[in-house]
Amino acid sequence: MLEVNALRKVFGGNVAVDTISFNVPDNSILGLIGVNGSGKTTIMNCINGIYHATEGSIRFRGNELIGKKPYEIARLGIGRTFQVPRLFRRLTLTENLILPVLNDSRSNKELMDKAEALLADVDLHRIRDNYAEELSGGQQKLVELLRVMMLDPELILLDEPFAGVHPNLCKIFLDQILKLKNGGKSFILVSHDLTSVYSLSEHLLVLDQGKTIAEGDAKAIQTNPDVIEAFLGR
């Protein structure tokens with residue numbers, strides 16, 4: 001589905017991502033882990049067009065993404081959530097979900113029905129007319145994921161979805177990810193919640209100072225001495 005080859009991103013003299021390569025197959029979850037500043041979010045920003053990669057290639061279903069704008073990449077089938085949710089704070093939950101699909105070919109009723117069904121699925125339908133600014137941080141992250149799902153993407157980039165989220169909401173978030181994966185979606189998951197990343201991801205990529213220091217399944221990563229050193233020191 002997604003092929004990242006020799007990706008580099010340089011800011012001035014700082015190499016944030018240094019020749020990273022990986023693939024994301026259909027119906028899979030790739031975990032990206034590493035300490036702060038290791039390049040995880042920079043890679044996500046390059047994939048969805050917020051940053052223009054310095055070198056390399058990012059291909060989605062055969063389409064080169066480098067040079068495309070974020071809205072063009074979204075239309076190809078890639079959705080994105082952020083570590084700090086980017087909702088429209090003075091719009092209601094329903095309005096936040098409807099906004100990205102205003103020019104959709106579906107009728108207003110179809111769009112409204114889908115938005116309400118998504119909200120009901122995470123127990124937020126009862127407050128659908130509340131402003132987004134009234135929600136907790138965890139609820140805002142859930143609504144941001146639902147807004148992504150209004151576009152029905154094939155690949156979803158999740159940046160720290162569990163950070164600062166109440167355990168009850170984390171459970172809902174985990175259930176949604178698994179439900180979507182069972183429905184055929186793929187994910188790239190960036191998180192410091194290693195327990196969740198290990199349980200969700202078939203394959204993991206560990207970054208340190210912009211480079212890949214290890215990759216494999218959870219068992220291999222947990223026992224890798226380079227990974228242990230990167231997180232805990234010698």
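**Close-up 1. A salt bridge between D159 and R80 in the predicted model.** In this predicted model, the side chains of D159 and R80 meet in a salt bridge, with a distance of 3.5 Å from N to O. D159 belongs to strand 7 (residues 155-159) and R80 to strand 6, so that the pair, 79 residues apart, links distant parts of the chain. D159 counts as buried because its relative accessible area is 3%, and R80, with a relative accessible area of 9%, is buried as well.

**Close-up 2. A salt bridge between E202 and K181.** Here the side chains of E202 and K181 meet at 3.0 Å, N to O. Because E202 lies in the loop between helix 7 (194-200) and strand 9 (203-208), while K181 lies in helix 6 (residues 167-182), the pair ties together parts that are 21 residues apart in sequence. E202 counts as partly exposed, at 40% relative accessibility, whereas K181 is buried, with a relative accessible area of 14%.

**Close-up 3. The salt bridge of R8 and D18, and the network around this pair.** The closest N and O atoms of R8 and D18 are 3.5 Å apart, and the pair joins strand 1 (residues 2-11), which holds R8, to strand 2 (residues 14-24), which holds D18. R8 counts as buried at 18% relative accessibility, and D18 is likewise buried, at 19%. Both residues take part in a network of salt bridges that also includes E55 and K211. In total, the structure holds 17 salt bridges.

**Close-up 4. The largest pocket and its lining.** The space in the largest pocket comes to about 790 Å³. This pocket is lined by 29 residues, of which P70, Y71, A74, P100 and L151 are the closest to its centre. Helix 2 (70-76), strand 6 (78-80) and helix 5 (137-149) each supply at least two lining residues, and helix 2 gives the most, with six. Sorted by class, the lining has 16 nonpolar, five polar and eight charged residues.

**Close-up 5. The largest nonpolar core, with I156 as one of its members.** This core has 43 residues, and those that touch the most other members are L97, L124, I156, I177 and I221. Helix 5 provides the largest share of the core, six residues. When neighbours within four places in sequence are left aside, I156 is in contact with G79, L145, V148, M149, L180, S186, F187 and I188. Another core, of 26 residues, lies apart from this one and has V4, L32, A53 and V190 among its members.

Technical notes
Residues numbered from 1 in each chain as written. Predicted model: local features only at pLDDT ≥ 70, side-chain atom pairs only at ≥ 80, totals over all residues. Heavy atoms only, no water. 1 Å grid on protein atoms, 1.4 Å probe; cavity = no way out; pocket = protein on both sides within 12 Å on 5 of 7 lines; lining within 4 Å. Points joined across faces, edges and corners; volume = space filled by probe spheres on them. Helix = DSSP H or I, 4+ residues; strand = E, 2+ residues; numbered from the N terminus. Nonpolar A, V, L, I, M, F, W, Y, C, P; charged D, E, K, R; others polar. Core = buried A, V, L, I, M, F, W, Y, C linked by side-chain atoms within 4.5 Å. Buried < 20%, exposed > 50% of the residue type's maximum accessible area, 1.4 Å probe, protein only. Contact = heavy atoms within 4.5 Å. Salt bridge = Lys/Arg side-chain N within 4 Å of Asp/Glu carboxyl O.
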